[in-house]
Every structure is written in structure tokens, then in C-alpha cells.
Amino acid sequence: MVGAIGFEGLGVNAWLIWMLPFIGAAFIPILRNKNEKLKSYVAVGFSLLSAFLALSILPVGLSNGEIHSQIPWFSALNLDAGVLADPLAIIMSNLVAWISAAIFVYSISYMHKEKSLIRYWFFMLFFIGSMQLIVLSDNLLMVFFGWEGVGLASYALIGFWYQDRKKDYVGKEGHTVWGIPMWTSPTHAGIKAFLQNRAGDIMMLSGMFLIFMYSGTFGFRELLTDQTWAHAMMQQNLLVPAAVLIFGGAIGKSAQFPLNEWLLEAMTGPTSVSALIHAATMVKAGVFLVARIGPLFFALSVFNMQQFFEIVAWVGAITAMLLATQALVNPEIKKVLAYSTGSQIGYMMMALGIAGLTTNFIDGYTAGFFHLISHALFKASLFMAAGAILHTVHSRFMTDMGGLRKNMKRTYIFMLLASLSLAGAPLITSGFWSKDAIFASILDSNYEFSSYLFFIAVTVAVMTAFYTFRMVGLVFFGKPSQNIVNMENKGHRIREVNQLMWLPFAVLAVASVVIGLVGFAFEGQLHHVFATYLSSTFGITENGVIPLSEVQDTTGTVEGEGQHEATSGGSEMNPVAVAASVTAFGVGGFLGYLFYIRRSVDPAKINENVVSKGLWRFLYNRWYLNSILYWMGVVIPLGFYRRVNKYFEHLLMYGINPSVQHSMVFMSKVAKMAQSGDVQIYLYVFSAGIIVITMLLLS
Amino acid sequence: MVATFMPLILSPVVYFLGKRKGINITTWLTFGILAISTILVIIPSIGLGSGGNYQEIFDWSQLGHFGLKLDGLSIPFAITIYLLSTIIVIYSKPYMVRKILIQFDQVKNSLGNKSQFDDVENESYSATDGKSLSTLVLNADQKNYLNEQLALYYTLYLVFAMGMLGTVLATNLFEFYVFFELMLVPSFFLIAFFGYGNRKRTSIMFFFWAHVGAVVMLLGLMAMGFLSGGFDYDVVKANVSQIPPAWIAVIVASLIIGFGVKLAAFLVHVWLPDSYTDAPTPITVLISSVMTGIGAYGLIRLWIELLSGPGNYTDYSIYVNIWGLATMIYGGAMALMQKDIKRVLAYSSISSMGYLLFGIGSESVLGISGAIFMFVTHALGKGILFMMAGSIILQTGTRNMDKLGGLGGKMPYTAVFAMIGGLTIIGVPITSGFMSEWVLFNGALQNAVVDWSSLKAISFALAITATILTSAYILWMYKRIFYGVVPETLKNIRDSSMYILVTMGILASLTLVLGLYPDLFYKPIIGYVESLYDHSPSEIIPVKIKAGTGQEPVGQAGVSPDQGQSTSNVTNVSYFGSAQKTHLISGNQLVSFVTI
């Protein structure tokens, strides 16, 4: 049960899971003069080693064990460093480790003949190390270390091709909205990602400070065992603000509204990096953080945390809607996938939020996490497949592809499988089950606005199916585009990528379908694991929260009973949810099929109608949010600073020195004038002085 | 004692020896002197732990005692100052040799030209001159000139280092002032002799500003000394209640303004950009990293520690806080506007000094501790960045970022170290920057909440938002230097010599070490800052949070920790206005925290 195992046994494994990638990162530069193969294999070796260590503690997680080991660290403030491997962390850690291992294998081939491999592998290892640190650390401060670590690694990898060559840009060149260019260089994108994340991070820091101030600890377990801080914060009405501020960090990292804009530009990095960012590390960190603190705040529900969960749910819903609509019209394959990631993360947030708005926390929580798992699988697969295509056709625009299904059969098949999962094809894909679980948890909740959330969720599902089919249709169906014809004329044969490249995404796509085939059972199992975890650690059961003291008093004895209770409830199918889910797939999929696969309707028709054309432009210009962001955040402040620099700093401040100088010169001139050497004037002044003095004396 | 005065006493030796024997001997002799002194400073510091101090005191005329003291406040300052001074000696060698040779050419070429040094635009001097030092063949004239100038440089350098150290170790107001001016004089000459651009004018301006600041401060020092009946810190501290309240205001104002000038706070910052740009880069490193920060030391030591009566600190702290905020934002905004690397970094220093002021005005243990640690952090981070600027000037001959670009591939080591330095300034974890920033901001927020003051809350919010500004200018500068396309003129650039890279590497590893083990400095710092309020138990305590140290919190209304209790309990549930403590058990170690 909740056993704090020390620094021995499996405890060491938990430490090493996140340390190994860092050690690997430190080790890689030593190989700088070695050949490419060695570098790549060493890096992959480190990631695999970490993955196997993660696997070694998986049984602990599935049997609801917990590894919690601490060492003294910052003793001036009595802060400990520690790892906390509870079921949530262990499952997440395995997911991260294995998906990143697959991406690493893929990178060997994808980054073949790249010059700066050392830098690439350094930051890739640093990336997964930081992510595992977020997952496994037992306190918010260490989470923040990892948090900034992934931010830094993403900055470095998004701007990996720092020479800013035109081919590495994203966006259509020449496309400006309100004077803001919508195409971006890699380094620009890196800075944008870093700064937007920073905006989220400072919110998270402020939230952490508030909690630290009242509790004197950052530790998740310590915050749970002693809840007096929550009392104090509630009295000051600071509890919800602090929670929301911490969620602000998740907004930044997971690219949720309103900090969503960096995610699209993040596509400037190598595709393997995009896969890592979207599937395993960066954006999942935000969801994980919410999954980490969500139960804690739900366990504090006596303090009325409803608003926090409402905000989480609505931010998720808005983001899901916002980004799904934009994905409908974008011509770049990686950007479509990026929009879709943001949108799917919105789903997860919605589920985690809705979990806190019901008495049955576990359903929503499981749904959100299940969707995280299935999304990680199919999105990693999709990105790697997209990378394979980019690798072959040398273009990021889907209009430069087309008809590829004959030339790249394997890529076609596996990408189709993963796409079906994203679209939520009924019964056989993991995407279907997890989406269905989210629908069901929204429907089952007794939140007053849940019908609106449900409506948004279904609409987004329709759009998801549509843009997925659009993507598949544009890439694999229809006639080969001009670009491909040109390439073939030049003697480039369009052919399948090599084994090392397609195998990783094939495995993930198949995994996604396999989980889909046993989807119901898988969900049940997950539900069971989380139910036991939540009830034993947080006192969260099917019917609300029981005081933690009772849980801990009885942990040893009622363990079996708790498990029994957990398995009995939950995870029966909700017919409305299933129906909605199937219909959404049907409608969206059919429209996509009609437009882009059978091509019986020409999508160019949109331009004929004023309304649809305006709508298209609105979506294509990203709801003008990017432009607003740039105007408010960059252009206007810089203009203001420029004025200040010109008039205040240079005119006024820099004027101080010369004006002191000139006034001194002037004074000396005045003084000099008196020394004219004219005796008559001297005598005159002298006698005038005597007169004045005499008069003063006489008076 | 030896540590302080050895550089001063040996500086003539360096000069004469250097003139005769040449540049290598001078460099290593200077290095040796400073290295030994550094060790002599570090040794007593290690034994001190979180409390106590190490003192050497001598009688000194009627002004009181001449003493040198290492305690929780001066340890981080002293070690940083000497460590940096020592390392920069090595860094100086290739840089100054190049600089002096160029000056030699200028002198030779412009003989008979009346305005030989005025308005020399020094930007395009060495792109063609890119031979490495070892292959440089010098004629006899050049050699003599070089020996003499470098000897002079290191002589002034030693005095400069010693002045800075003396300032932070002084135990007497008068002694403080003497050292304070003593560090100014050599830096003035260093800029005037070895600077860039209009260096004589700049050096005079630098001297003028620094001296005006010092004189304003002197006013405060004299008032403190005369009104409390002695110049020794101990005497002032004991008799602070004798100072009339009206005078307190004058003293505090003069101290804040005087040190504000030194810190180049907003509105009195105008001396800084030019001085930093025109000073030779190794000296810029020292001035920027350590010399300006001494203003912060002065404020903490003379204001917060010595004038410890009720309200003497709290009544004015909010102004310092807001002044710091303004400096922070203004420096950051102006840094975005610059094209010259050194100017960006100069404004960035202004901004960082704003952080220090912000922390000092935050009225909390953590805020002040964070500010002290920030000094160390800033010294390391900005030191690396200025060294990066020097490395680039040395290799490319320009510091105009419009002419640079894509150097990441050409100068990889400089780029890596500069990144670490940049991250330190931004405050990203595992660099020490984060460790100072979060403690500092945490303290500020605590104070805001404890006072329930919306002004302070807004000030905190703006300050923490200003870190985005910091990241923006650092990253943008980095992009303009290291990313993009390499200009045609710089196709054949190589990375700097080992002298430069190794020294940068040492600082970079130090910031990583401090980021992982902040205890090294935080223990003495927090111990010191907590002790600040020990002697005024009944007065209003400006610092409301006591970070857990296991020792009895002093001057708090709460109940002392009960070592035997094992479960968490709350002893006092009135959260504001009195103390509340929670005891947590973590493992078998008792962690006691006093909140608020």
C-alpha cells in the first residue's frame, strides 16, 4: 500500500529512470569525434535502459504500491529531493519511456547525416530526462526543475536548425495577418515557445509560492497528510487562486487557450522532435500536472474547489474547439497534427476538469488519462509517419503530396490505422474508447453546464474525424501533385522509407489498434488501478471524498475491501455517449471521405460563397489570435520601449552628463568674466562693496 | 588580513617585475597572489556554517577599530569577488595583450595627431588581425610597450580587487568608505587607460557619478557615526536608538540614494551603459558582476543591519521595492533596444540590480536572502555573458549584433557557455539563477500576502512578469549572435583560446553546482538574515516568515517546536498578526516550519 520504501531496492530504479537520460546527455558530448552510428546507438541505449527500469517498477504501480524515497537537498529551507512513484507516475513513466524509445529508434534513420547529432541527442536525452523528472518527483519544486528542463529542451530542439534556412520554416511564406507574418523561422519559433511557456511558468511559480507559504513544503504527500494549510488559504480566499495559478503552468506547457499559439510554430523542429513533444513529453506534462494535483485538490473539496475544476474543464473545451476548427483548413501536414494535438489535449483537460465537478471523480480521471495514453500512441505514430512522408517528398504542404498510397504502402497502412484512432473509428481503435469514456463522464456528471460541454465535445469529434480524413485523403489519395511529378521527372523515385523508420510508427499504430480491440477491458483495468490508487491515497471513492485520516487509519486492513469496492462500480457503457461518438465519426468521416478521398465534391467551392470564404479565412488566420498576441505582446510594447529609449533614455537621461558639463563650463565663464583685468571695474566693485558694508554696519 | 592586503602590497612588485620579465610572469604572479588570497578567504568561511563570524580587529586612531569580518553576509560577497577576480586574471591575458597591441598601433599611427584618443571608433580593428597569440611575433618596441602596459594593468587590477574585498569585510563606517573609494580609483584608471571609444570622457563620467554617489552616502555615514557616538559597526548598532528620528530619515535616504547610484538604479543609471561599453571587457566583467552589487551589500549591511530600530527599515522598504521594480523593467526594456552586445548586457545589469533592490525592499527573510544569492548568481551569469562578449570581440572584432550571426557553429564552446550564462540570468533551473529567483520572489509574495497589501501584490506580479522580459532580451541577443546565417566577413572565425574558454567553463560549472547545491551559500545567508532581527524582539518584525532552521525563532509570538510530537499540528490558528507553525514529519527527520 502506501509504503515509503527508502533508497534501496526499487527505489534506486525510480531515481535512475530520470537520472539515466541526464547521465546519457552528459555522456554524449564525449563521443563528439566518434562516428554517427555510435552516437545514435549510445543515445538509444540510454533511453532503452531507462525504459526497462520503468518497466521494472510497473508491477509496483499496477498492484497499487508506491515508492517514495527522499534525500536531504536544500537544507537551509528544509527541502528534500525525492521520487514518488505511485501508480499514476509509474504508468505515465512507462508511457513516456517507451514512446520516446520508439522515437529515438526512428531518429537514428531520420536524423541520418545530420551535422549536429551531438546537440540533437543531448537535448533529446535531456528532454526525456526532464519529463521523467516531472513524472517521478515528489514535490512541486523538482517538478518545476523538470518543467523548465522540457521548456529549455523544446526551445533548443524547435530551433535545432538554427541556420534558419527557408526550407525549415513553417507557415506559408508571404501570408501576413494584420501585418504579422504567419511564417516563422526555427529560432523565432523556439523563442516564441520559450516565452509563452515562461508566461505559464511564472503563474505556476506564483501558485507554488502561495502554497509553500502556507504549508512550508512543496511535497505532494506532505501537502496531503497535513491539510491545515488549505484551511488557512481558504480563509484568505487564496486556495482557488493558487490552484488556478498552478494550472496556468499547465496551460502554458500544454498549449491551452490562451497560450496555445507556440505549439503551431513548434513544428519547425525535426519531425522526431515534434513527435516527442506531442506524444510523450512537453504537452503531456501539463496534463500530467493536472492529473497530479487534481486529486489533491479534489480531496480538499470541503474547501469548495469547484471553480478550479470548472476552469480546467472550460479551458480544455475552448481549446479543443478552437484548435479543431483551425485544423480543418490548414495545408501543412505537421500543423494539422499540431492543431489536433492541442485539441485532443483539450479533451483530456475537459475530462480531468469534469472529474472534479462530479461526485464520481474516478470516471472522468480515468477517461482523461486513458485518452492521454491512446493519444500518445497514435499521435507519436502519426507524427513519425508524417516525418517519413516529409522525408520523401521534401515538402511540408499536403498540396505537394497526393496519391502516395501506391508508392508508400506501409506508411499508408499504418498512418491510416493511427488516423482511424485519432478520428475515433468505432470499436477497433483506442481513440474511440477513450473519447467515448470522456463523453460518458461528461454525460454522467451533475455539473449544471455539462450539456454545453457535451455539445462542444461532440462537435469537436465531428471536426476531428473530418480533418483526419482530409489529411489522409490529401496525402494518399487523388492524383500525384505537381511537386511529386517534378521530382519523379528529375529522377527522384518516391519510395517507401527504410525499416528503421517505419517500424517504430508501425508498432505504435498497431498498439493503438490492439488496445482498441480490447478497449473496454483495458479501460476497466485502468479504472480499477486508478480507483484503488485514488481511494487509498486520496480517500476519493465512487461517492465522493472520505476524510483522509480514516483512509490512513484503515489502510492496512481494508485494502482488499477498497479494491473490491472499486471494481464493482464504473465502466459500464453509456449508450448516449456511444451513439454520439459513432455518429460523430460517421458524419465527420463521411464528409471528409466525400471531399478528399472520393473527391466527388470540390473543396474549392468554399471560395464561391462569401460566408464560407469569410469563415475559411477566419480559421486560416487562426482566429486572428496570433496577430492579437503579437500586437499586444510584441509590437506595441516594443514601440513603446522604442519611444522611451529615444525620448526618455537618450534625450533626458543621457542629457544629464552634457548638461552638467555645460553648466560647469557656463559657470566658469561667468567667473572668468569677473577677472577681466580691467582695473577701473575692480575699483568700482571694490568701492561699491565698501559702501554696502558701511551701510550694513550703520543700519 | 593577509588576503586583503597582500594584493595591495604586492601590486608594485607586479608592476616592476612585469616591466622587466614580460607578460607571462606578470599574469601568473597576479593569478598566484589572488588565488592564495581567495583560499585565505574561503578557509575561514568553511568553518562558519550557518552562524557565527570570523573577525580580525585592530586599533585604529580615534575613528574606532580597523577590522575585517566574515559573516553570513560577507562570505558570499567576499568569495564571489575574489573568485571572479582570480579567474578574470587569466581571462585578461589574451584579451589585454590584443587590446594593448592595438593601442600601440594607434599611438604609433596617430603621432602628431592632436586628438589621438578622442572618439576613436574601435570597431573594426582585428578582423584581419586574427592570428593567435602564440604565433604573434612582436618587435622590441611592441614588446616593451606590452610589458609595461600589462604590468600597469595588473597592478591597478590588484588594487581594484583588494578595494572591493575590503569594502565587504570592513567593520567600521570610515573603513568602509575608504575601501569604497579605493575600488573606484583603479577602476577609473583602468577605463581611462585601456578603454574603448571616448574612454577618457567616459572614465571621468564614471568617476564623477560614482563619487557623487559615494559622497551622498558619506553624508549618511557621518551622520550615523557622529549621532551614535562611534564609527564601529558594533557601536552604531548598539546605539542606534540614540539617533533622532528626523536624522534617521536623512540617513536612510542618503544611503538609499548613494547605493542606488552604485547599483545604477532607475534614474541614476545613466553612467552605467557607457562605462560598461567603453571599459575593457575583463574590467567590465568585474565592474558589472561584483562592483555594482556592492551597493546591495551596503544597503543590507548599513541600512538593514545597523539601523535596526522599529520602522527604520519597514517604513522605507516599499520605496526600495518599487524602485527596484522600475529598474528591473526599465533595464530590461532598454536592453531590447540595443544593437551592441555590451550595451545589451549593460542594461541587463541594470535590470538585474533591480532584482537585488526588489529583494532588499521585500521585507522578508527569503526576499533578502534571495537578493544576496542573486548577487552571486548575477556575478556568475553576467560574468559569463560579458566574457562571451569579450570572446566575440576578440574573434570577430565587432560587437555590433547587426554584423554578427550564425556563430553557434563557429564558436561552439563560447555558445554553450554563453547559453548557460544566459539561462542563469533568466533564472532557469539547475543554474543558480533559479535558486536565487524563486527564493527572492517567494519572499516578496509572502510579504505581500502577510501585509495583505495590493500594492505589494501588484509589485510582485509585475516583477515576476519582468522575468519574461529578461528571457526575451537574453534569447533575442543570443539569436542575433549565434543563430542564422554567418555573414561573409566572418567565414573564417574560430573559437577563442583556452584562456578564455576554460575561464568561462569554470564559471559555467560553478553556476550549475550552485544551482544543484544552493546550500553552499544559502546556509550562511539565511542564518545571517534571520539573525538580523534577533536583537529587537519586541519591535515590529519586518520579516514575517522564518524559514525552518530547527532553531528557536526569535521575536515570534508562537510556540516553539516540540521535538517530541510526531503528527502535524497547528498551535495557533490566527494566521495574520501572529505566528503559526506546522510541524511535519518526513521520514524520521523533524522538519519544523514556521509560517508567517
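Tutor: Two residues are in contact when heavy atoms lie within 4.5 Å. The model is predicted, so local features need pLDDT of at least 70 and side-chain atom pairs count only at pLDDT 80 or more, whereas totals for chains, interfaces and linings use all residues. Residues are numbered from 1 along each chain as its sequence is written, and side-chain values use heavy atoms, with hydrogens and water left out.

Student: How many residues of chain B are in contact with chain A?

Tutor: In this model, 80 residues of chain B are in contact with 59 residues of chain A.

Student: What area do chain B and chain A bury between them?

Tutor: The size of an interface is often given as the accessible area lost when the parts come together. Buried area is that loss, taken with a 1.4 Å probe and summed over both parts. Here the two chains bury about 6,000 Å², with 68% of it on carbon and sulfur atoms.

Student: Which side chains meet in a salt bridge?

Tutor: A salt bridge places a side-chain nitrogen of Lys or Arg within 4 Å of a carboxyl oxygen of Asp or Glu. The count between chain B and chain A is 2; one of them joins B:Glu437 and A:Arg198, at 3.4 Å from N to O.

Student: Which helix gives the most to the side of chain B that touches chain A?

Tutor: Helices are DSSP runs (H or I, at least four residues), numbered from the N terminus. Helix α18 of chain B, residues 454-482, gives the most to that side, with 13 residues.

Definitions and conventions:
Chains are lettered from A and ligands numbered from 1 in the order in which they are written. Helices (H or I, at least four residues) and strands (E, at least two) are DSSP runs, numbered from the N terminus.
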